[in-house]
Amino acid sequence: METKNISLEIKDKVAYIGFGYNNEKSMTTLDEPTLKEAKELVENVKGKVKSKEVVGVIFFSHIDSCFIAGADINLISTLKTESDGAFGAEQGQLIYNDIEDLSVPTVACVHGPCLGGGMELALACKTIICSGDKKTILGLPEVKLGLIPGFGGTYRMPKRVGLPNALDLILAGKTINAKKAKRIGLVDGVYPKERLISMGEKWLKKNKKKASLKESVTDLATDNFITRKIIFQKARESVLKLTKGFYQAPLKILDTMESGASKGRASYLASEAQAFGELCVSEQSKNLQHIFFLMEGAKKYNGPKSEKQVSAPARGAVLGAGTMGGGIAWLMSNSNMYPLLKDINNDALELGLKQSSAIYRNGVKKRKLTFEDFERKQRSINPTTSYAGFKNVDLVIEAIVENLDIKKKVFADLENHVSDDCIIASNTSSLKVTDMAEAFERPERFAGLHFFNPVNKMPLVEIVAHDKVAPETLEALYKFVLASKKTPVLCKDGPGFIVNRILIPYLNEASYLLMEGVPPQDVEEACLNFGMPMGPGRLLDEVGLDVAAKVGKILYDSLGERVRPIDLSDKITELGFLGKKNGKGFFLYDEKGKETGPNPEVMNLLPKKKIHMDEVEIQKRVFLPMINEASMILDEGLVSSAAEVDLALIFGIGFPPFRGGLLRYADSEGLERIAKTIQEYADNVDAKRYALSDYLKNLVEQKKKFYEA
Amino acid sequence: MSLREVYLVDGRRTPQAKAGTALKDVGVPYLGSYLLRTILDEQGIENDVVDEVIFGNTGAPPKYPNIGRVIGLMAGLDKRTSGYTVHRNCASGMEALAQGYLKIASGRSDLIFAGGIESMSQMPLIYSKEMTDLFVNIMKAKSMGEKMKAISAFRPPFLSPIIAIEQGLTDPFCGMNMGLTAEVLAREFNISREEQDTFANRSHNLAIKALKEGKWDEEILSLAFGEKMEKLLTKDVGPRENSTIEGLGKMRPYFEKESGTVTVGNSCPITDGGSVFLMASEEAVKKHNLKPMARMVDYHFHGLEPERMGMGPLLASDGVFKRTGLSLGQMDVVEINEAFAAQVLSVRKGFAEKAVADRFGIDTVHGEIAEENFNPNGGGIALGHPVGSSGCRIVVTLAHELKRRKAKYGLASLCIGGGQGGATIIENLMN
């Protein structure tokens, strides 16, 4: 038969079904034409099995680095109604049922990502084998998009790996490598990629082993009504603890799997399809899909184009071995950049080494890397007090003290010691990149590169442009950030760049609420209940109250009364309350950095008279100034789209992903309503802090959304 | 065959630390790899232009049988850069330089990293022959009964290990420990206990003086140490500021307990460390715009009776003088590795006294070496002797001393367990 997306070849009575046929892309997904072809193809093979022309089926991929990465997300995002979604899932289920029902041996030969719909296809085969390649990952990540696996994955996974393992895979959406897949019994064998098909042929002739005694015992232990109930209950508890109940999909998955546990295939799959239909049109899933597209978009550089071919810098260096410098040195060493780490003396250098050592050792402890890798990578950091080795360096990141004069002196000196193509970036969080650029003979090689603390945990990096920067500098930095497995956002120079600029009005407003007499715990909780990973008080402690006060002041100097800090903020730092770093801020912390409760000394500085404020009111008071400020950033052209603001806030401060981002949230709430409320606050609370931005005003007038501007 | 000039572009070393102290946890290749990396970076050379990495090493850590190759990879050199390991006992590091010299001089190679490395802390304990045989028998046994029979042959003394380091320091031919060979020289050439202790004290004093004057700053590259690899070792662990002749005089002879004169105090301690040179041909110097610190003039190795191995430097130096036509008088600085005070003092007698020279069949009396030109920054007794590295380390130290003095020629020589000597002459180019 004539096919375009999937190949079918029959040789010696074995049907070879190859995905990724004629695919020019690096990834194979199950889009509409492919699914249609799959249906016809499987029916064709079914006929040949019946007529004894085919005695075994092998599924494989023509693409070297991908089995099947899952269903096409664009296809999912076009689903408009629950019944559309449920119908779509059923169509896939029918194909996979046919595969499962083939009366001959079937083997999926997996090399490269085998995810979502691809994983579900493999599960419908009697045997799954995979390559031991690093690229081979298996899993059902649907939950990350707010979905349930809809092609029978929740039905077949527990049958193959047992209920506890299946719940681990499905509820967290985690992907696993070949070794782990073999260990939990998801795959039957792991082989070199070149031998996959020939091993698949051997498996066709093999009688699958009966379950071992250990497996039978495990099955017996988990496959009965009572233990099942306990397992589901535990899973539910841990989901609620992890997601704080904000996410619907994992709970829906649990419901489907638990209520379906004793059902037959047809009725189970009907309920899975139903659940898929409900979830795929939910706002939460749409928001999470939105973020998926934002992240995919961020994987490609979309800044000013350069005429030159730009590649990621190969060798790195860091100036300043403090907390940030040590963290950046760790990052560079982890990406095999053999970084030089320069500071003025050995004591300072040891602080930097301590940073990276601590991060690596934590990885060793969690078995994410071997001691040998730790030693190799840690020792690839070359500590030095001179510029002698800087000739070979492609990228220098400065992370010294936040003082413009000192930085300028250092840059002027540095430029004499590096090659002409060396890119130089400053990890400043509060100074103007434009001012720093003045120190350079070649300002085009320089830009801001703002990492967040702690470097190993915070995924966002702001790349800050200035008027004289060359496009290739921005592109090289972008590629460096991507290569270090972080998320880059491009912006132009402005006070606080993106994240701090939007964060300050939020933190400020939270402080004003305290001064109005709102109990601190209420403010924290209102923000937590909105979905923020921590309340404003905890966040301030984490950042450091002195740092926050300093950044706040700089923003106040350039943005004016709108972001005037509360009078108390200086006093708090003067009293020595610096936050988590010295164990006392708004909260107290023990030696291990664990929070032990509110700090009574700070609480005493707040007004004695408390007022009650409604939770939604608190949320509006703190989140609306953020939206207002973000609209001004767009107005000033510091970022090119609302999407970038949303990406920055999700990865920079953990703005709740299920809300799709700050501005997407604003869009969904209705900008008119938001503008109206801001205006009310301007009238009743503070005219300056709530001065409605022109940009937002215009959007409302034109009846547009942030994402339509 | 006409030989090409061979340049020593830059030479560096680790701080040296007594075995079991600061550097005991450093993975063995990392005692070398960062030296290569730093030299490459400072010279501004790409990672794919070096032809070969040659390292001397005697302990051959079981994990890294060919450590020269591993050092190159760990340093981030291109995978296509070949690498190997050489072993000439105490002169392994010098043997690496010698091989680099020949390859460049003959026109085969243009850029070579040659050095030496030793982690004496990590030298293994070995099972006795009885225990090894037992393991083999157990593995060979087919049935459970045969296995039990093999196991039943076990006796507790089988477990007492052989210390590889101790075995390595005992001559397999004459059966003498290296310390005993020093006692032979002390007896035959009349080196008193006091002379030995005075010399050992000099070594400590000069090493401390060099440290205080910042003389090591350039040649030593600091190295992260400790299990967490977050502390930096910047100087040698060995030289003692409070060393006195009286204090040394109180130590008991170690090898010949009653009648002997050689103590732990007037011998070199076992030590961890590494050192390396980037060697280059004239073409490579021009091509990569390098500024070599020295030229390697030539080298010579010479054998002698194993029980008098300490006199090796006398024969090797004599050989390299004859080969080059240079004389001891032309040497502005002489570095002789201090394995034992008695041994170094005997070598100096051999240079100066006809009777001693005759005893070793040397027809030239080379003369005295002025005190200020001889091991001017101390030597192995204070700094230690990481066996695989010392042959290169003394050349590194020599090159830096010649540079400081703006002097011309220098001789580096050392004795080699098993009865050999090695000597190298370099010419300083930094004026």
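Two strands pair if DSSP finds at least two bridges between them, and strands themselves are DSSP runs (E, at least two residues), just as helices are runs of H or I with at least four, numbered from the N terminus. This is a predicted model, where local features need pLDDT of at least 70, side-chain atom pairs count only at pLDDT 80 or more, and totals for chains, interfaces and linings use all residues. Residues are numbered from 1 along each chain as its sequence is written, while chains are lettered from A and ligands numbered from 1 in the order in which they are written.

**View 1. An open, mixed sheet in chain A.** Follow the six strands in the order β1-β2-β3-β4-β6-β9. At the edges stand β1 (7–11) and β9 (189–191), each with a single partner strand, so one side of each has no neighbour in the sheet.

**View 2. Strand β6 beside β9 in chain A.** Here β6 (residues 127–131) runs parallel to β9(A), joined over three bridges. Look for A:Ser131, opposite A:Tyr191 in β9(A).

**View 3. Helices α5 and α6 of chain A in contact.** On the α5(A) side are A:Thr154, A:Met157, A:Pro158 and A:Val161; their partners in α6(A) include A:Leu169 and A:Ile170. Contact here puts C-beta atoms, placed from the backbone, within 7 Å. By class, this contact has seven nonpolar, two polar and no charged residues (Ala, Val, Leu, Ile, Met, Phe, Trp, Tyr, Cys and Pro are nonpolar; Asp, Glu, Lys and Arg charged; the others, Gly among them, polar).

**View 4. Where chain A touches chain B.** Each chain, A and B, gives 19 residues to the contact. On the chain A side, α15(A) supplies the largest share, seven residues.

Conventions: Contact = placed C-beta atoms within 7 Å.
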